[in-house]
Amino acid sequence: MTDNYRFENGDWIQGISRDGELIHGYVETVDTTKGMLQINVVDSDNKKAIGKSIWIANKRAEKLPETTGRNESELLALIDLALLFKDEQWFRELSAKLVSTKKNHEVPPTKKSEFLISGNRMRNFDMKR
């Protein structure tokens, strides 16, 4: 059995319902004896399915790759959730990611002389000419 068919609660998946609808959502329950997954649908070509939980065969679902890179605003939103749920470990993990994200995106200081421009760039826009 490949890793694409080993599902855990919280895994993001895409798949096809028994009615042929394309779905995108996350796993709420895994029933390994029946080979079924209960999915909370967050997007679908059937708009009525969005927000509902449905059961699909694990053969009809594919695990989506985990996103590792999050931007600063996403991390801040997740930190707010961690605080709301009083999850100290998650808060610490997210805070560390936020710090490393900021370090990776720091702009190195430059010398003023690197930005000197000879001449007057604005003369082309002088309204009096």
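**Reading contacts, strands and charges**

Modeller: Leaving out residues up to four places away in sequence, E72 touches L98 and K102, where a contact means heavy atoms within 4.5 Å. This is a predicted model, in which local features need pLDDT of at least 70 and side-chain atom pairs count only at pLDDT 80 or more, while totals for chains, interfaces and linings use all residues. Residues are numbered from 1 along each chain as its sequence is written, and side-chain values use heavy atoms, with hydrogens and water left out.

Colleague: Where does E72 lie, and how many residues apart along the chain are E72 and V99?

Modeller: E72 lies in helix α1, residues 72-84; helices (H or I, at least four residues) and strands (E, at least two) are DSSP runs, numbered from the N terminus. The C-alpha atoms of E72 and V99 are separated by 9.4 Å, although the two residues are 27 residues apart along the chain. With a relative accessible area of 37%, E72 is partly exposed, given that buried means under 20% relative accessible area, exposed over 50%, and partly exposed in between, with a 1.4 Å probe and protein chains only.

Colleague: How many helices and strands does the protein chain have, and what pattern does it follow along the sequence?

Modeller: There are two helices and five strands in the protein chain, and read along the sequence they follow the pattern β-β-β-β-β-α-α. Of its 129 residues, 22% count as buried. Among the contacts in the chain with a separation of 6 or more, 32% are between residues 24 or more positions apart.

Colleague: In which order do the strands of the open sheet stand?

Modeller: The general idea is that strands of a sheet pair through backbone hydrogen bonds, either parallel or antiparallel. In this structure the five strands of the open sheet stand in the order β4-β3-β2-β1-β5, with antiparallel pairing, and two strands are said to pair if DSSP finds at least two bridges between them. The edge strands, each pairing on one side only, are β4 (53-57) and β5 (61-63).

Colleague: Over how many bridges do β2 and β3 pair, and how many residues lie between them in the hairpin?

Modeller: Strand β2 pairs with strand β3 (residues 36-44) in the antiparallel sense over eight bridges, and their hairpin has four residues between the strands, with G35 in the turn showing a positive phi of about 70°. To follow the pairing by eye, find I23 opposite S44 in β3, and then G25 opposite V41 in β3. Strands β3 and β4 also run antiparallel, joined by five bridges, and there Q38 stands opposite W55 in β4.

Colleague: How many salt bridges does the structure hold?

Modeller: Side chains of opposite charge can pair when their charged atoms come close. The structure holds two salt bridges, each defined as a side-chain nitrogen of Lys or Arg within 4 Å of a carboxyl oxygen of Asp or Glu. One of them joins K63 to D11, with the closest N and O atoms 3.5 Å apart. This pair links distant parts of the chain, since K63 is in strand β5 and D11 is in the segment before β1, 52 residues apart. K63 is partly exposed at 26% relative accessible area, whereas D11 counts as buried at 13%. In the other salt bridge the side chains of E88 and R92 meet at 2.6 Å, N to O; both lie in helix α2 (residues 88-104), four residues apart, about one turn of the helix. R92 counts as exposed, at 55% relative accessibility.

Colleague: What is the nearest side chain of opposite charge to E21, and to D31?

Modeller: Lys and Arg count as positive and Asp and Glu as negative, while His and the chain ends are not counted. E21 is found in the loop between β1 (12-16) and β2 (22-31); it is buried yet has no salt bridge, and the nearest side chain of opposite charge, R18, is 8.3 Å away. The E21 side chain does make a polar contact with the side chain of N46 at 2.6 Å, a polar contact being a pair of N or O atoms within 3.5 Å, where within protein one must be able to donate a hydrogen and the other to accept it, and residues adjacent in sequence count only if both atoms are side-chain atoms. D31, found in strand β2, is also buried without a salt bridge, and its nearest side chain of opposite charge, K34, is 4.5 Å away. The D31 side chain reaches the backbone nitrogen of K34 at 3.2 Å, and D31 touches M36 and W55 when residues up to four places away in sequence are not counted.
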